[in-house]
Each structure stands twice: as C-alpha cells, then as structure tokens.
Amino acid sequence: MSHQLHQEPYCTEEFLQMEASKNNMSDLESGILTIIKVFNKYSRHESSLKKHDLRALINYEMSHFIIKIKEKDTLDELFADLDQNGDLEIDFKEFIGLVAMVTSACNELFIPKQP
C-alpha cells in the first residue's frame with residue numbers, strides 16, 4: 001500500500017507567525033512546533049491518525065528510536081495501547097503519549113551511569 005502525505009501548506013495565521021519567528025525560538029519551542037507539524041503531516045491536517053498513518057509516522061519519523069513496524073500484530077497492539085478512548089483513531093493527545101514514552105525511554109540512554 002502506498003502512503004501519500006498531503007503536502008498542503010500550513011495556512012493558519014498563528015502558524016505562519018510562529019514559523020516567521022522560528023529563528024527566535026528556543027530549542028524546546030522548535031521541537032514542540034516540529035511535533036505539531038509532523039502530526040499534521042501524517043494526519044493530513046485532520047484531527048487524528050489512522051493505523052496506516054501511525055505506521056508511516058513511526059517508520060519514517062521515529063526509526064532511530066523505534067524499530068520499524070512490519071508486523072500487523074505489533075501495530076495493532078501499539079495502536080490499542082495508544083487509543084485511550086477506543087475510537088480507533090489516535091488524536092493529538094494520544095499521540096503525545098507515544099512521544100512522551102519514547103522520549104522518556106531515550107532519556108535513560110543519556111543518564112550517566114553511577115560507578
């Protein structure tokens with residue numbers, strides 16, 4: 001199955017203002033903006049991700065932190081864990097749960113080990 005992403009530019013006034021001031025943003029603010037942009041890219045500017053959207057997002061945007069999802073069972077299990085309200089879609093808040101889990105797990109790699 002070919003997964004095509006909707007490449008329509010962001011057009012809200014708030015977003016355009018944020019993009020224009022990106023050079024003045026902190027690293028964390030830029031990171032937050034990037035998370036929002038990636039979610040919108042894969043959800044095609046809708047309010048949620050379907051299973052195939054989530055698979056593509058993980059495989060193309062998180063492959064250094066999460067092993068690429070190839071098995072349907074793996075995707076089904078992850079999707080069920082993230083889909084807190086059971087609507088068979090991953091909304092932004094549910095997606096942030098994934099981002100938080102991956103970020104927390106990766107942080108463990110950067111904590112100096114005690115001798």
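**Questions on a predicted chain**

Reader: Where is the place of Ser47?
Author: Residues carry numbers that start from 1 along each chain as its sequence is written. The model is predicted, local features need pLDDT of at least 70 and side-chain atom pairs pLDDT 80 or more, while totals for chains, interfaces and linings use all residues; side-chain values use heavy atoms, with hydrogens and water left out. Helices (H or I, at least four residues) and strands (E, at least two) are DSSP runs, numbered from the N terminus. On that basis, the place of Ser47 is in the loop between helix 2 and strand 1.

Reader: Is Ser47 buried or exposed?
Author: Buried means under 20% relative accessible area, exposed over 50%, and partly exposed in between, with a 1.4 Å probe and protein chains only. Because its relative accessibility is 59%, Ser47 counts as exposed.

Reader: Which residues does Ser47 touch, not counting residues up to four places away in sequence?
Author: A contact requires heavy atoms within 4.5 Å. Ser47 and Ile90 are 43 residues apart along the chain, and their C-alpha atoms are separated by 8.5 Å. With residues up to four places away in sequence not counted, Ser47 touches Phe39, Ile90, Asp91 and Phe92.

Reader: How do Arg44 and His45 count in terms of accessibility, and what are the values?
Author: Both Arg44 and His45 are placed in the loop between helix 2 and strand 1. Neither is a glycine, yet Arg44 has a positive phi of about 55 degrees and His45 one of about 65 degrees. Arg44 counts as partly exposed because its relative accessibility is 25%. His45 also counts as partly exposed, its relative accessibility being 31%.

Reader: Against which elements do the buried residues of helix 3 pack?
Author: The chain has 5 helices and 2 strands, and its elements run α-α-β-α-α-β-α from the N terminus on. In helix 3 (residues 51-61), the buried residues are Asp53, Leu54, Ala56, Leu57, Ile58 and Asn59. The buried residues of this helix pack against helix 2 (27-43), strand 1 (48-49), helix 4 (72-82), strand 2 (90-91) and helix 5 (92-110).

Reader: Which element gives the most to the lining of the largest pocket?
Author: On a 1 Å grid over the protein atoms alone, a pocket is an open set of points where a 1.4 Å probe fits, with protein on both sides within 12 Å along at least five of seven lines, and lining residues have an atom within 4 Å of a point. Among the 18 lining residues, Glu61, Met62, Phe65, Val102 and Thr103 lie nearest the centre. Two or more lining residues come from each of helix 2, helix 3 and helix 5. With 7 residues, the element that gives the most is helix 5.

Reader: What percentages of helix and strand are in residues 70-105?
Author: UniProt, in an unreviewed entry, lists these residues for "domain: EF-hand"; its positions are given in the numbering used here, feature names are shortened, and annotations may be inferred rather than shown by experiment. The end C-alpha atoms of residues 70-105 lie 21 Å apart. The composition of the span is 69% helix and 6% strand.
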